[in-house]
Every structure is written in C-alpha cells, then in structure tokens.
Amino acid sequence: MILSADELAGNAAVERAIGEQPVWPRMGADPGRMYRLGIMGGTFDPIHNGHLVTAQQALDDLDLDLVLFMPAGSPAFKQDREVSSPEDRFAMTLLATADNPLFVASRLEIDREGVTYTVDTLEELHRRYPKNVELYFITGADAIIDIISWHNAERIAEIATLVGATRPGYDLAWAKAAIEGSGIPFDVRYLEVPALAISSSYLRNRTHSGQSIRYLTKDSVIGYIQKHGLYREARA
Ligand code: DND
C-alpha cells in the first residue's frame with residue numbers, strides 16, 4: 001500500500017505536533033499517572049518487520065503508551081559507511097509506521113545537524129516532556145553491549161531505561177555480564193522477540209541481486225524502494 005498525500009500529511013501533522021506539544025495519548029497530561037514513551041532508534045536502511053515486531057512487543061510487554069521511531073540523521077557508528085539519505089530513511093519509516101496509531105515516526109534526529117548521538121535525543125525528550133514521562137530506549141540485544149561505548153553512556157543510564165530485545169539464538173548471559181561489568185548503572189529490561197532473524201543488510205543484498213523482499217518489510221516500504229531505485233548499486 002502506498003499512502004496518499006493526505007495520509008502522509010496527516011502523519012506529518014502528528015509528528016509536527018509531537019515536536020511542539022505532545023499529542024494523543026497526551027504524554028504526561030495527567031499528573032496523576034506515569035507515562036512510558038518508547039524510542040526505537042535505528043539507521044532504518046531500510047526499516048523491516050524485525051524493527052516493527054520488536055517495537056510492538058516492547059509496547060505490549062512493557063505497557064508503553066507510544067513508540068517514537070527515530071531514524072538517525074548521521075549514524076555515529078556508520079560514519080565510514082555508505083548510508084541512504086536521511087529523507088529516504090525517514091520516508092520509509094513514516095510509511096512503515098503510518099497504520100499504527102501508537103507508532104510515530106520522528107524527524108528529531110534527521111533535523112539535527114552533525115553526528116547523531118542518542119544521548120542528545122534522550123536529553124531533548126527528557127527536557128520536552130513533563131517529569132511523569134519515562135523514556136524507554138529500545139535496542140536489539142546485540143547493540144546493547146555497544147551502548148557501553150556510546151557517547152555519554154552515563155547520562156543515557158540516568159535518563160532512560162533500556163529495552164534489550166533478543167534476537168533468535170542470542171546468548172543473553174553475555175550481554176548481561178557486559179552491562180553489569182561496565183560499572184554504569186543501566187536499568188535494562190530484556191525482551192524475548194521470537195522469530196525474525198531479519199537485518200537491513202539482508203534486505204539490501206536481496207534487493208541488489210533482484211530477489212524479493214516481500215513479507216520481510218511492509219509493502220509500502222518495498223514500493224518506495226522500487227520507486228526510488230534504492231539498493232540497486234553494490235555497497236562498499
Ligand atoms: P543501528 O545502526 O544499529 O540501527 O542503530 C541503533 C541505534 O543506536 C540508533 O538509534 C543509533 O543512533 C544508536 N547509536 C549507535 C551507535 C552510537 C550511538 C548511538 C551513540 O549515541 O554514541 P539498525 O537500523 O540497524 O537497527 C535498529 C535497531 O533494531 C537496533 O537496536 C537493532 O539492534 C535492532 N534490530 C532488531 N531487533 C530485533 N529483530 C531484528 C532486528 N534487526 C535490527 N531482526
């Protein structure tokens with residue numbers, strides 16, 4: 001499904017509203033309760049069903065109120081690699097999340113100049129929302145070990161809870177030991193996400209070699225990839 005211009009504009013309006021003032025469910029509006037805001041950060045080159053299923057499971061299992069999908073503008077750990085343009089990655093993220101009212105694609109990171117650091121994003125959300133909004137940063141369990149070496153990891157631990165989603169066959173004990181051994185007091189909730197050993201590079205490689213990526217990501221994303229000729233060229 002390709003969204004009409006009106007549908008896209010509708011989602012963009014929601015996103016603009018999120019930037020200025022939280023929209024439904026109005027995060028933090030009721031001072032009598034706590035709110036949980038999930039943030040699914042990624043390069044999303046392209047976004048796929050693994051990302052979507054993980055976010056949905058985090059939403060359900062951790063009782064989140066909303067998940068922001070946050071494509072990185074200039075991914076910190078991919079400075080030496082070729083990455084699709086931020087606008088292409090944002091458009092695919094918007095298309096993939098458009099039919100879920102509790103998923104919102106955010107421009108926060110792609111509109112920020114310079115290298116994208118997660119701590120800056122969390123700091124901004126922390127400042128923007130009232131104190132009764134808790135931040136949950138969702139990541140794959142393989143990436144969670146890297147968090148120790150992320151920019152200002154200590155501050156990330158102070159302002160957000162981490163959600164580590166395990167991929168199939170992943171040894172969780174190793175991740176837990178690495179986190180505990182870091183000396184940084186991360187609060188990590190682990191999540192088992194069954195199936196889906198999908199990766200963005202797998203989708204790129206299949207597209208490059210002319211194979212179908214149907215059922216690995218949303219049809220709307222596949223339509224965008226075809227229409228814009230993404231991943232036709234081999235990457236270094
Ligand atoms: P990736 O490039 O791994 O994203 O970046 C993940 C997040 O880390 C982004 O928000 C980056 O800005 C942030 N980061 C990275 C490095 C340094 C710093 C920050 C810093 O601040 O210093 P991908 O698009 O490849 O994947 C997105 C997420 O989805 C990742 O957490 C990945 O582990 C996870 N994932 C899956 N989860 C479940 N099932 C699957 C998955 N495939 C990817 N099949």
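Biologist: What do the buried residues of α4 pack against?

Modeller: The buried residues of α4 pack against β1, β2 (66-71), β4, α6 (153-159) and β5. Helices here are DSSP runs of H or I with at least four residues, strands are runs of E with at least two, and both are numbered from the N terminus. Packing rests on contacts, meaning C-beta atoms, placed from the backbone, within 7 Å. This is a predicted model, where local features need pLDDT of at least 70, side-chain atom pairs count only at pLDDT 80 or more, and totals for chains, interfaces and linings use all residues. Residues are numbered from 1 along each chain as its sequence is written.

Biologist: Which residues of α4 are buried?

Modeller: Thr118, Thr121, Leu122 and Leu125 are the buried ones in α4. They lie on the same side of α4, because they cover an arc of only 95° around the axis. The arc is taken over the directions from the helix axis to the C-beta atoms. Buried means 20 or more other C-beta atoms within 10 Å of the residue's own, exposed means 12 or fewer, and partly exposed is in between, with C-beta atoms placed from the backbone.

Biologist: And α9, which residues are buried there?

Modeller: In α9 they are Val221, Ile222, Tyr224 and Ile225. Their arc is only 160° around the axis, so they too sit on the same side of α9. α3 (86-97) and α8 are included in what covers them. The face turned away from that buried side carries the exposed residues Asp219 and Lys227. After α9 comes Gly229, with a positive phi near 60°.

Biologist: Lys218, then. Buried or exposed?

Modeller: Lys218 counts as buried because it has 21 C-beta neighbours inside 10 Å. Lys218 is in the loop between α8 (200-208) and α9 (219-227). Leaving aside neighbours within four places in sequence, Lys218 is in contact with Leu95 and Ala96. Thr97 is 121 residues from Lys218 in sequence, with 9.2 Å between their C-alpha atoms.

Biologist: Switching to strands. How many bridges join β4 and β5?

Modeller: Six, in the parallel sense, between β4 (residues 133-140) and β5 (residues 160-166). Two strands pair if DSSP finds at least two bridges between them. Tyr136 has Thr161 in β5 as its bridge partner. β5 also runs parallel to β6 (residues 188-192), joined by five bridges, and Gly164 stands opposite Tyr190 in β6.

Biologist: Where is the main nonpolar core, by residue?

Modeller: The largest nonpolar core has 53 residues, and those with the most contacts inside it are Leu37, Ile39, Ala58, Val67, Tyr136 and Ile138. Such a core is a set of buried Ala, Val, Leu, Ile, Met, Phe, Trp, Tyr and Cys residues joined through C-beta atoms within 7 Å. Beyond four places in sequence, the contacts of Leu37 include Met27, Leu66, Leu125 and Tyr136.

Biologist: Last topic, the ligand. Which residues are closest?

Modeller: Gly41, Gly42, Gly50, Gly140 and Trp150 are the closest of the 29 residues that surround the ligand. The elements giving two or more residues to that shell are β1 (35-42), α2 (49-61), α4 (118-128), β4 and α5 (141-146). α2 gives the most, with three residues.

Key: Contact = placed C-beta atoms within 7 Å. Near = placed C-beta within 6 Å.
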